[in-house]
Amino acid sequence: KTTTVRMLTGVIDPTEGTATIQGYDIRKEPLLSRAHIAVVPEEANVYLDLSVWQNITLMAELHGVPRHQYLKEAECLINALGLADRKKLKARTLSKGLRQRLMLCAALVTGPEVLFLDEPTSGLDVQSAGLIRQTVRDLNRSGLTVFLTTHNMSEAGEMCSRVAIIDKGC
């Protein structure tokens with residue numbers, strides 16, 4: 001599952017076959033295909049010495065989101081994901097669950113058309129896992145394509161409208 005996500009997101013090159021994201025071939029047009037996606041890896045890789053707010057706005061700036069657009073969106077996201085009261089805290093002070101919520105905020109502020117989530121609730125506290133599941137369901141219902149990997153079949157059924165199973169690499 002993780003290898004599939006890594007290929008689709010441009011982290012590793014596929015050994016064969018083809019795939020497109022929003023009509024762009026991931027091998028022939030990697031920059032164009034990656035321009036439409038955001039990724040939340042299993043292990044949150046936030047900037048530990050930046051605040052919650054700085055992490056989110058940095059991602060927006062790196063993706064070229066106009067300031068007037070990302071300021072409003074960032075506020076909405078930190079409120080929706082329960083991070084508003086931690087806005088000024090450095091990421092290093094956050095629990096795993098809060099860091100995962102921060103990663104989701106940082107991914108969403110870029111305005112992706114496809115969101116890749118690799119085991120987004122693995123090892124999280126009940127509150128963070130539930131909030132992430134609800135947020136993903138809401139985003140999907142509003143039209144965002146979500147590519148989710150999970151070992152938890154009930155979670156997949158709860159969050160997804162379509163499920164594919166990869167068994168022994170196939």
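This is a predicted model: local features need pLDDT of at least 70, side-chain atom pairs count only at pLDDT 80 or more; totals for chains, interfaces and linings use all residues.
In soluble globular proteins, nonpolar side chains tend to be buried together. The largest nonpolar core of the model has 36 residues, of which Ile56, Leu102, Leu104, Val109, Leu115 and Leu117 touch the most other members. Two or more residues are given to this core by each of the strands β3 (37-40), β4 (114-118) and β5 (145-149), and by each of the helices α3 (52-62), α4 (67-80), α5 (96-108) and α6 (126-141). Helix α5 supplies the largest share, eight residues. Apart from this core lies another, made up of seven residues that include Ile21, Ile26, Val114 and Phe116.

Two packed helices are described by the angle between their axes and the distance between the axes. For α5 and α6, the axes come within 9 Å and cross at roughly 20°. With an angle under 35 degrees, α5 and α6 are therefore roughly parallel to each other. The crossing in which α5 passes α6 is left-handed. On the α5 side, the contact involves Gly97, Leu98, Gln100, Arg101, Leu104 and Leu108, which meet Gln127, Ser128, Leu131, Ile132, Thr135 and Leu139 of α6. By residue class, this contact comprises six nonpolar, five polar and one charged residue.

The second pair is formed by α3 and α4. Their axes come within 10 Å and cross at roughly 135°, and the two helices are therefore oblique to each other. The crossing of α3 and α4 is right-handed. Val52, Trp53, Ile56, Thr57, Ala60 and Glu61 of α3 meet Tyr70, Leu71, Ala74, Glu75 and Ile78 of α4. Eight nonpolar residues, one polar residue and two charged residues make up this contact.

Helix α3 was also examined for burial. Its residues Val52, Trp53, Asn55, Ile56, Thr57, Met59 and Ala60 are buried. An α-helix has 3.6 residues a turn, so residues three or four places apart point the same way. The buried residues of α3 pack against both α4 and α5. Just after α3, the backbone at Gly64 takes a positive phi of about 75°.

Most residues other than glycine have a negative phi, and most peptide bonds are trans. Gln22 lies between β1 (20-21) and β2 (24-25), whereas Glu119 lies between β4 and α6. With a relative accessibility of 41%, Gln22 counts as partly exposed. Glu119, by contrast, has a relative accessibility of 10% and therefore counts as buried.

Terms used
Residues are numbered from 1 along each chain as its sequence is written. Side-chain values use heavy atoms; hydrogens and water are left out. A nonpolar core is a set of buried Ala, Val, Leu, Ile, Met, Phe, Trp, Tyr and Cys residues joined through side-chain atoms within 4.5 Å. Buried means under 20% relative accessible area, exposed over 50%, partly exposed in between (1.4 Å probe, protein chains only). Helices (H or I, at least four residues) and strands (E, at least two) are DSSP runs, numbered from the N terminus. Axes are lines fitted to C-alpha atoms, for helices over the stretch in contact, and angles run from 0 to 180 degrees between N-to-C directions. Angles under 35 degrees count as roughly parallel, over 145 as roughly antiparallel, 65 to 115 as roughly perpendicular and the rest as oblique. A crossing is left-handed if the near helix is turned anticlockwise from the far one by less than a right angle, and right-handed if clockwise. Contact means heavy atoms within 4.5 Å. Ala, Val, Leu, Ile, Met, Phe, Trp, Tyr, Cys and Pro count as nonpolar, Asp, Glu, Lys and Arg as charged, and the others, Gly among them, as polar.
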